[in-house]
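Subject: Structure for your files

Hello,

Here is the structure I said I would pass on.

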Amino acid sequence: MLLLGGHLKRAPPQKILCGFCAMMGKLQSKLRHSTYKYRPDAIREERIQTTAFPEYSPAHVDTVSVVAALNSDLCVSGGKDKTVVAYNWKTGNVVKRFKGHEREITKIACIHTSNQFFSASRDRMVLMWDLHGSSQPRQQFSGHAMVVTGVAVSPDSSQLCTGSRDNTVLLWDVGTGQCMERASVSRNLVTHLCWVPREPYVLQTSEDKTIRLWDSRGLQVAHIFPTKQHIQTYCAVSEDGHRCISCSSGFGGEGCEATLWDLRQTRNRICEYKGHFQTVASCVFLPRTLALMPVIATSSHDCKVKIWNQDTGACLFTLSLDGSGPLTSLAVGDTISLLCASFSRGIHLLRVDRSRGLELREVAAF
């Protein structure tokens with residue numbers, strides 16, 4: 001309210017709002033996000049990152065659904081704009097755009113340091129691309145009746161495993177594009193697929209709250225892990241193939257966890273990581289060179305990326321990406337970098353800083 005000639009006069013609310021938004025716009029470049037450091041004495045330290053960082057040209061014009069690292073310089077991403085983009089995240093340049101899908105891209109699979117990669121889409125297709133080849137797909141794989149929600153390529157690139165909301169898992173010959181095996185399990189709405197390194201096994205998460213281990217030799221279920229309480233959204237396997245992580249949906253802190261499993265003889269649950277307040281959408285094993293102890297990272301719809309002690313389940317650090325919207329995908333870029341896709345702000349380049357322990361900070365966005 002304004003005092004004019006002894007009378008109170010109400011200021012137009014829209015003008016106040018516009019002035020507030022203008023002020024916030026000026027602050028946006030500095031007040032990017034908050035971070036939380038968990039000290040050994042369990043006291044949480046909060047820091048606000050005010051250092052400006054470069055915002056490169058956006059890789060996409062809409063929500064980014066998935067990002068994967070092709071090598072230590074390049075990543076491949078896809079989203080609602082139906083375009084697959086190869087991006088040099090060290091220089092901030094688009095290397096190539098690939099168009100061929102008719103609907104949103106849901107998953108991308110590649111072998112690190114390889115030039116070939118695969119994209120899955122809501123158009124029920126999986127396409128194979130070559131970074132140094134034509135912008136048109138080299139091969140297409142058509143056989144699902146609904147959106148393709150899982151794609152994994154074998155370590156030798158000869159086979160491709162795909163999964164869908166149509167309850168089926170398919171095994172393909174990459175060279176010919178022919179489907180070699182088909183398996184269907186009732187209520188098995190696939191959410192993610194991951195090939196176990198140096199093994200014929202494929203790990204799969206599902207909306208039926210289970211994690212299945214498939215044997216690609218005949219495409220049979222080799223093991224079913226104990227059923228969880230919430231939808232399993234994602235899975236990842238350690239480089240040695242001994243352990244895997246799965247992520248849970250949830251809300252308000254109910255569910256919202258990641259779970260570590262033994263992939264060897266016992267195949268038991270080893271540890272749980274709780275601290276997110278919404279669905280955990282992605283998880284990765286971090287390189288062993290980062291810390292003295294083994295660590296993992298998770299990203300969630302609560303806009304937070306967390307680093308965890310793999311053995312104890314303790315949260316070591318939390319980075320909150322304010323304004324990003326739900327975080328949709330997480331990938332290891334190199335030995336000290338993570339790539340995080342988001343609903344509202346494209347892809348975030350995160351760097352692990354070991355100068356003051358184990359911290360995570362945003363260094364660029366595109």
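The notes below cover sheets, cores, record annotations and one aspartate.

This is a predicted model, in which local features need pLDDT of at least 70 and side-chain atom pairs count only at pLDDT 80 or more, while totals for chains, interfaces and linings use all residues. Residues are numbered from 1 along each chain as its sequence is written, and side-chain values use heavy atoms, with hydrogens and water left out.

Sheets. Strands are DSSP runs of E of at least two residues, numbered from the N terminus, and two of them pair if DSSP finds at least two bridges between them. An open antiparallel sheet is built from four strands in the order β9-β10-β11-β12. β9 (105-110) and β12 (139-142) are its edges; each has a single partner strand, so one side of each lacks a neighbour in the sheet. From one strand to the next the twist averages 20° (angle between N-to-C directions of lines fitted to C-alpha atoms, from 0 to 180 degrees). Within this sheet, β10 (residues 116-121) and β11 (residues 125-130) are joined by five bridges, and F117 stands opposite W129 in β11.

Further along, β19 (residues 211-215) and β20 (residues 220-224) run antiparallel with four bridges. R212 stands opposite I224 in β20. The two strands form a hairpin with four residues between them, and G218 in the turn has a positive phi of about 100°.

Cores. A nonpolar core is a set of buried Ala, Val, Leu, Ile, Met, Phe, Trp, Tyr and Cys residues joined through side-chain atoms within 4.5 Å; buried means under 20% relative accessible area (1.4 Å probe, protein chains only). The largest such core has 20 residues, and L286, I307, L338, L350 and L360 have the most contacts inside it. Strands β28 (295-300), β29 (304-309), β30 (315-320), β31 (327-334), β32 (337-342) and β33 (347-353) each supply at least two of its residues, with the largest share, three residues, coming from β30. Another core, of 16 residues, lies apart from it and includes L74 and F98.

Annotation. Residues 183-215 are 0% helix and 58% strand, with end C-alpha atoms 11 Å apart.

D262. This residue is in β25 (residues 258-262) and is buried, with a relative accessible area of 11%. A polar atom of its side chain lies 2.9 Å from the backbone nitrogen of R264.

Regards

Definitions and conventions
Buried < 20%, exposed > 50% of the residue type's maximum accessible area, 1.4 Å probe, protein only. Polar contact = N/O pair within 3.5 Å; in protein donor to acceptor, adjacent residues only side chain to side chain.
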